[in-house]
Amino acid sequence: MECNSEALLLQLKVAARENHPVIGGVGRVAAGSKTGRSQAVGHGSEGGQTQINFTVAIDFTASNGNPSQSTSLHYMNPYQMNAYAMALKAVGEIIQDYDSDKMFPALGFGAKLPPDGRVSHEFALNGNPDNPYCNGIEGILEAYHRSLKTVQLYGPTNFAPVINHVAR
């Protein structure tokens with residue numbers, strides 16, 4: 001599949017218009033690509049494939065609502081994906097085709113972490129701060145669901161640390 005950045009932007013715009021609650025501007029999934037790490041793969045502008053290094057940051061602040069209630073963007077429903085999972089899957093399935101190793105850093109912010117309940121504005125969803133990478137979109141979704149069961153949604157909303165993480 002031949003890809004370029006214009007095709008990627010078009011795919012993301014279409015996904016956003018298809019009423020994904022978080023992608024469409026209502027919610028709080030941040031996705032970034034550090035342009036310093038992006039690279040042309042193949043033959044560059046003569047038919048090469050665009051390479052994007054994708055990072056996910058998820059808002060675990062209490063403003064998202066109690067995950068046990070259906071009004072929460074983090075609602076844990078055993079029968080369908082919540083708003084965050086839908087957004088991750090919709091964007092991630094497009095983005096992952098532009099990343100050769102499909103290993104994605106996945107971060108959270110705005111939660112109290114076990115065991116001591118300290119508030120963190122930058123934590124690895126997989127629990128490994130030295131290696132926050134998840135294998136593919138399914139790996140991100142697994143780490144997200146595990147985190148959702150172990151952290152306490154708190155606040156405030158402060159995503160500057162995750163932006164700084166991506167910029168490093």
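## Close-up views of a predicted model

**Figure 1. What lines the largest pocket.** By class, 9 nonpolar, 5 polar and 4 charged residues make up the lining of the largest pocket. As you look around, keep in mind that this is a predicted model. The volume of the largest pocket is about 330 Å³. Its lining counts 18 residues, and the ones closest to the pocket centre are Leu 113, Phe 123, Ala 124, Gly 127 and Asn 128. Helix H4 gives the most, with 3 residues.

**Figure 2. Inside the largest nonpolar core.** Let us turn to the core. In soluble globular proteins, nonpolar side chains tend to be buried together. Here, the largest nonpolar core has 26 residues. Look for Ile 58, Phe 60, Leu 125, Ile 140 and Tyr 144, which have the most contacts inside this core. The elements that give two or more residues to the core are strands S4 (54-59), S5 (103-109) and S6 (111-113), together with helices H3 (83-95) and H4 (136-150).

**Figure 3. A stop at Thr 50.** Strand S3, which covers residues 49-51, is where you will find Thr 50. Is Thr 50 buried or partly exposed? Thr 50 counts as partly exposed because its relative accessibility is 21%, and buried means under 20%. Now find Ser 100: Thr 50 and Ser 100 are 50 residues apart in sequence, and their C-alpha atoms are 9.8 Å apart in space.

**Figure 4. A stop at Asn 164.** Helix H5 spans residues 160-167 and includes Asn 164. With a relative accessibility of 47%, Asn 164 counts as partly exposed; the exposed class takes values over 50%. Which distance separates Asn 164 from Glu 122 in space? From C-alpha to C-alpha it is 9.7 Å, while in sequence Asn 164 and Glu 122 are 42 residues apart.

**Figure 5. Stepping back to the whole chain.** To place the close-ups, here is the chain around them. The chain has 168 residues, and 39% of them are buried. Its elements are 5 helices and 10 strands. Of the contacts between residues at least 6 apart in sequence, 69% join residues at least 24 apart. The chain exposes about 9200 Å², with 52% of that area supplied by carbon and sulfur atoms.

Methods
Residues are numbered from 1 along each chain as its sequence is written. This is a predicted model: local features need pLDDT of at least 70, side-chain atom pairs count only at pLDDT 80 or more; totals for chains, interfaces and linings use all residues. Side-chain values use heavy atoms; hydrogens and water are left out. Helices (H or I, at least four residues) and strands (E, at least two) are DSSP runs, numbered from the N terminus. Buried means under 20% relative accessible area, exposed over 50%, partly exposed in between (1.4 Å probe, protein chains only). Contact means heavy atoms within 4.5 Å. Accessible areas come from the Shrake-Rupley method with a 1.4 Å probe; for residues, only the protein chains shown count as cover. A nonpolar core is a set of buried Ala, Val, Leu, Ile, Met, Phe, Trp, Tyr and Cys residues joined through side-chain atoms within 4.5 Å. On a 1 Å grid over the protein atoms alone, a cavity is a set of points where a 1.4 Å probe fits but cannot get out, and a pocket is an open set with protein on both sides within 12 Å along at least five of seven lines; lining residues have an atom within 4 Å of a point. Grid points are joined across faces, edges and corners, and a volume is the space filled by probe spheres set on the points. Ala, Val, Leu, Ile, Met, Phe, Trp, Tyr, Cys and Pro count as nonpolar, Asp, Glu, Lys and Arg as charged, and the others, Gly among them, as polar.
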